[in-house]
2 protein chains.
Amino acid sequence: MTGWLGIDVGGANLKVADGSEFAHHQPFALWQRPDELAEALTGLLQQSPACEAICATMTGELADCYETKRDGVLHITNALSEAAGDRRLVIYAVDGSFQSSASTFINPLRAAASNWHALARFASRFLPNSTGLVIDIGSTTADIIPVIAGEVASQSQTDFDRLVAGELVYTGASRTPVATIVSSLPYRGLQVPVAAEFFSTTGDVQAILGYPLPDDAESADGRGFSQQECIDRLARQICVDRESFNLEDAITACQYILPHQLFPLEMAALRVLRSFPSGEVPVIISGSGESLARQLVARLPRTTLVGSLGEQIGEVPSSCAAAVAVARLAMEQFS
Amino acid sequence: MTGWLGIDVGGANLKVADGSEFAHHQPFALWQRPDELAEALTGLLQQSPACEAICATMTGELADCYETKRDGVLHITNALSEAAGDRRLVIYAVDGSFQSSASTFINPLRAAASNWHALARFASRFLPNSTGLVIDIGSTTADIIPVIAGEVASQSQTDFDRLVAGELVYTGASRTPVATIVSSLPYRGLQVPVAAEFFSTTGDVQAILGYPLPDDAESADGRGFSQQECIDRLARQICVDRESFNLEDAITACQYILPHQLFPLEMAALRVLRSFPSGEVPVIISGSGESLARQLVARLPRTTLVGSLGEQIGEVPSSCAAAVAVARLAMEQFS
């Protein structure tokens with residue numbers, strides 16, 4: 001019997017891992033079906049190796065089915081308790097401590113959005129002296145976290161703090177709508193305003209430019225990511241279709257979108273780099289958007305890419321990195 | 001028995017009107033349920049006064065359930081034919097002509113996105129000498145159309161042409177996502193990057209600033225437009241909640257968002273105004289976003305607001321103005 005399972009309850013995905021080889025994630029639209037969360041978590045545990053204890057982290061409390069983060073944490077913790085049943089349940093807090101569900105009911109906000117913290121502590125083990133930057137890019141957001149001697153070197157307690165500090169950038173490798181990145185696109189010598197609609201996403205941009213797509217990529221229209229499907233979605237963004245928008249037009253558009261997406265990431269990373277007074281800063285990248293993270297690091301001064309979490313722990317566990325991290329940290333804490 | 005009914009098949013709404021007092025609109029998420037369109041149209045006709053003939057216009061062909069606009073027009077025309085049954089059916093074309101469904105199957109693109117053309121011809125009757133600007137703002141888009149002596153003074157044939165010309169601006173009074181308008185928001189002395197998510201919309205902005213809300217307004221989370229509900233949605237945009245974001249914060253945010261929304265409208269209107277070489281240009285406004293249109297006109301040079309279509313034909317018909325327009329134009333053409 002495995003000792004611990006780690007669970008990461010996001011707004012769009014549920015992830016579970018045992019801290020070594022087993023890891024699994026499944027889409028779950030929390031904002032649409034909050035009442036089904038306990039059931040979904042129970043199902044997730046049934047598909048996982050048996051365990052005696054569960055360590056959870058979450059970001060799902062920001063989903064707009066909850067009036068406040070407090071409500072969200074309470075609801076998610078309830079669902080976790082229900083799914084855990086008789087097993088021990090601890091929640092990873094944003095200060096790096098582990099708290100019981102009872103403590104979480106008293107101090108819910110300490111459990112809000114703590115997954116980045118666990119991930120950074122865990123990933124830093126693959127940096128020399130456990131010191132450097134951890135850059136995790138997922139489908140929707142990017143975390144840029146300074147770690148010094150294995151400890152998170154950030155004053156941030158909340159996602160808001162992290163947005164302000166540049167440690168959280170709300171852009172990702174697949175779900176980010178193109179219309180939130182650019183207000184116009186180049187097309188055959190014209191600069192055309194884009195439709196302010198959720199027609200195409202950064203997944204289309206990565207696919208058209210030939211980068212590997214995150215394995216959890218979902219498209220704007222629910223169709224696949226074939227070249228033609230991406231072209232169709234990008235065309236719609238300027239109110240045309242495949243009859244007047246071809247692969248070359250799509251490449252031109254994506255070559256314009258990508259630097260607009262990378263620019264705020266670059267500015268944020270430059271701010272976070274100030275945590276390191278001088279010298280080269282080692283970087284480890286992770287998340288389903290590792291490829292976008294590589295594109296970012298290639299633009300940064302005084303950074304050295306050490307490797308990716310995917311290379312270190314395998315692709316599937318890496319795509320559930322926060323779940324792996326809380327499983328491992330809990331095992332070490334409570335062994 | 002009424003002679004004609006006008007129908008406007010949009011991507012999110014179906015509208016019907018008899019050209020005088022009767023008008024009705026209902027939400028219909030075409031992109032989610034294209035196969036149910038014929039049934040929905042049949043139901044719409046059953047709720048309407050009996051008629052001998054139907055004149056239709058559409059914009060729904062851009063919905064992302066269709067691979068191309070051509071496919072969309074064909075599918076929508078099929079659904080209209082099915083719903084019309086034995087009644088005469090004509091489709092308003094973007095050159096101002098009326099074509100049979102048979103002609104539409106041969107030349108589908110002439111029927112794509114023609115509603116603005118019919119609306120402008122009809123609304124111009126309320127301008128002195130039928131000359132001036134028609135500014136129609138709906139939930140999602142804005143049309144800025146020059147009309148001279150009752151005829152549309154535009155070279156545009158497609159929505160793409162109109163985007164490029166400034167005659168179509170993809171911003172509206174309720175559905176436009178805040179994250180497509182601004183990339184950061186002011187909050188208690190900080191400028192905070194916004195989450196690139198569909199958390200809040202221009203409906204929240206209008207409501208918080210005390211403007212009347214479009215009657216077809218739908219919120220980002222499906223909740224209502226009470227002050228607290230709007231505050232909750234706007235708070236989420238910078239990853240906070242009502243515990244640290246109050247009405248004053250919401251007003252500050254909205255006072256920042258509104259000019260960012262009006263600016264591209266203003267630039268587009270200035271371009272379209274060049275159709276009128278000199279002198280004051282009369283303007284008539286229409287659409288469910290009449291209030292936003294008023295805010296726009298207040299910023300424009302050498303324009304005189306003559307009135308609104310709502311004042312001229314009543315609020316309900318005005319919210320279905322394109323359906324009213326095609327009903328009236330068809331009646332006159334075929335009487």
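Start by selecting residues 55-300 of chain A: the UniProt record, an unreviewed entry, annotates this span as "domain: Hydantoinase A/oxoprolinase". Keep in mind as you go that you are looking at a predicted model.

Now show chains A and B together. Chain A can be superposed on chain B by a rotation of 180 degrees with 0.0 Å of shift along the axis, giving an RMSD of 0.0 Å. That is how a two-fold axis relates its copies. Which residue of chain A comes closest to the rotation axis? Select A:Thr180, whose C-alpha is 2.2 Å from it. Next, colour the interface: 100% of the interface residues of chain A are also interface residues in chain B, so the copies meet through the same surface.

**A bridge from chain to chain**

Zoom in on B:Arg70 and A:Glu243, whose side chains meet in a salt bridge of 2.5 Å, N to O. B:Arg70 sits in helix H2 (residues 69-84) of chain B, while A:Glu243 is in the loop between helix H7 (227-236) and H8 of chain A, so this pair joins two chains. B:Arg70 is partly exposed at 31% relative accessibility, and A:Glu243 is also partly exposed, with a relative accessible area of 40%.

**A bridge within chain B**

Move on to B:Arg110 and B:Asp95, a salt bridge in which the closest N and O atoms are 2.8 Å apart. This pair links distant parts of the chain, 15 residues apart: B:Arg110 is in the loop between helix H3 (101-106) and helix H4 (115-123), and B:Asp95 is in the loop between strand E5 (88-92) and strand E6 (98-100). With a relative accessible area of 43%, B:Asp95 is partly exposed.

**A network in chain A**

Select A:Asp204, A:Asp221, A:Arg223, A:Arg233 and A:Arg236 together; salt bridges with shared partners join them into one network. One of the links is between A:Asp221 and A:Arg223, at 3.3 Å from N to O. Is A:Asp221 buried or exposed? A:Asp221 counts as buried, at 18% relative accessibility, whereas A:Arg223 counts as partly exposed, at 29%. Over all chains, the whole structure holds 32 salt bridges.

**Last stop: a nonpolar patch**

Finish with A:Phe263, A:Met267 and A:Leu270, which form a nonpolar patch on the surface with about 260 Å² of accessible area together. To find A:Met267, follow helix H8 (residues 247-273) of chain A. A:Met267 is partly exposed, with a relative accessible area of 34%.

Methods
Residues numbered from 1 in each chain as written. Chains lettered and ligands numbered in written order. Predicted model: local features only at pLDDT ≥ 70, side-chain atom pairs only at ≥ 80, totals over all residues. Heavy atoms only, no water. Least-squares fit on C-alpha atoms with pLDDT ≥ 70 in both. Contact = heavy atoms within 4.5 Å. Patch = residues over 30% accessible without salt bridge, like charges linked within 9 Å, V, L, I, M, F, W, Y side chains within 5 Å. Areas by Shrake-Rupley, 256 points an atom, 1.4 Å probe, with all protein chains shown as cover. Salt bridge = Lys/Arg side-chain N within 4 Å of Asp/Glu carboxyl O. Helix = DSSP H or I, 4+ residues; strand = E, 2+ residues; numbered from the N terminus. Buried < 20%, exposed > 50% of the residue type's maximum accessible area, 1.4 Å probe, protein only. UniProt positions renumbered as here; feature names shortened; annotations may be inferred.
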